[in-house]
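Work through the exercises below with the model open beside you. Try each task before you read its solution.

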Amino acid sequence: MQLVIRKYRPSDKDTVLNLFSIGIKEHIRPCFHNAMTSPLYLAITVVLCVVGYLLGSVLGAVVLPGVWAGLVYYCCHELYSSFVSEKLRTDMQDIPKHYLSRPDDCFWVAEAEVDGRAQIMGMVAVVAQQSGKERHGELFRLIIPPSCRRMGLGVRMTQTVVDFCKERGFSEVVLETSSTQTAAVALYKKMGFIHDISHTDTQAPSWIVKLASVKVLRMKKQL
């Protein structure tokens with residue numbers, strides 16, 4: 001498969017927005033699974049099951065854990081869905097303005113010919129940031145659909161950002177990802193990124209982030 005990584009074009013918008021939305025929302029189920037299979041949440045589920053049974057019925061033993069699981073799923077869903085909604089209203093709504101209006105920012109798509117038609121296989125962006133006297137690049141929007149993974153595309157797109165930042169004399173590349181995205185974290189570590197800090201500051205209310213049991217991981221790579 002002949003694959004080309006090129007700059008975003010306005011004609012890519014619908015495909016890119018759809019890819020972005022699906023790519024972020026796919027983390028809802030793993031997030032829910034990770035939360036519910038943690039020792040703490042398993043213990044809470046068992047306790048609620050016992051409490052429901054002691055309150056008088058087998059139905060109670062099912063309903064209380066069900067309500068708990070539903071609440072956790074809602075939090076996982078809201079965390080990622082609200083992120084998508086916010087970004088579709090802001091930077092992703094006008095990609096040329098937010099990612100292509102300055103020479104040290106960029107937005108790329110990976111394109112390949114499939115059955116005679118050009119198809120977008122992934123995306124990634126970088127924005128120049130100033131920190132004191134030093135400048136660094138911040139990687140955003142690395143999305144690769146499941147059908148295009150395990151082809152080295154993630155490495156190629158991340159390296160595109162790293163090379164772009166090196167050419168501009170940036171001191172480092174930084175990024176943020178969620179603790180749910182274990183494959184992405186593994187990719188970044190493979191590419192030489194190290195974990196910097198963890199936090200829970202997101203667009204969602206703090207109680208949702210806490211119940212979803214997710215942390216935001218900030219990673220960086222010195223250049």
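**Exercise 1. Find the handedness of the crossing of H6 and H7, then describe their contact.**

Step 1. The crossing of H6 and H7 is right-handed. A crossing is right-handed if the near helix is turned clockwise from the far one by less than a right angle, and left-handed if anticlockwise. Helices (H or I, at least four residues) and strands (E, at least two) are DSSP runs, numbered from the N terminus.

Step 2. The model is predicted: local features need pLDDT of at least 70, side-chain atom pairs count only at pLDDT 80 or more, and totals for chains, interfaces and linings use all residues. Residues are numbered from 1 along each chain as its sequence is written, and side-chain values use heavy atoms, with hydrogens and water left out.

Step 3. Take the axes of H6 (residues 153–167) and H7 (residues 182–190). They come within 10 Å and cross at roughly 55 degrees. Axes are lines fitted to C-alpha atoms, for helices over the stretch in contact, and angles run from 0 to 180 degrees between N-to-C directions. H6 is therefore oblique to H7. (Under 35 degrees is roughly parallel, over 145 roughly antiparallel, 65 to 115 roughly perpendicular, and the rest oblique.)

Step 4. H6 brings Gly154, Val155 and Thr158 to the contact; H7 brings Leu187, Tyr188 and Lys190. Contact means heavy atoms within 4.5 Å.

**Exercise 2. Describe how H2 and H4 cross.**

Step 1. The axes of H2 and H4 (residues 58–89) come within 9 Å. They cross at roughly 140 degrees.

Step 2. H2 and H4 are therefore oblique to each other. Their crossing is right-handed.

Step 3. Among the H2 residues that meet H4 are Cys31 and Phe32. Trp68 and Tyr73 are among their counterparts in H4.

**Exercise 3. In what order do the seven strands of the open sheet lie, and which stand at the edges?**

Step 1. The order is E1-E2-E3-E4-E5-E7-E6, with mixed pairing. Two strands pair if DSSP finds at least two bridges between them.

Step 2. E1 (3–7) and E6 (194–199) stand at the edges. Each has a single partner strand, so one side of each is left without a neighbour in the sheet.

Step 3. The twist averages 25 degrees from one strand to the next.

Step 4. E6 and E7 (residues 216–222) run antiparallel, joined by five bridges. Ile194 stands opposite Lys220 in E7.

Step 5. H7 packs on the sheet, touching E4 (134–143), E5 (172–178) and E7. The direction of H7 makes about 165 degrees with that of E5.
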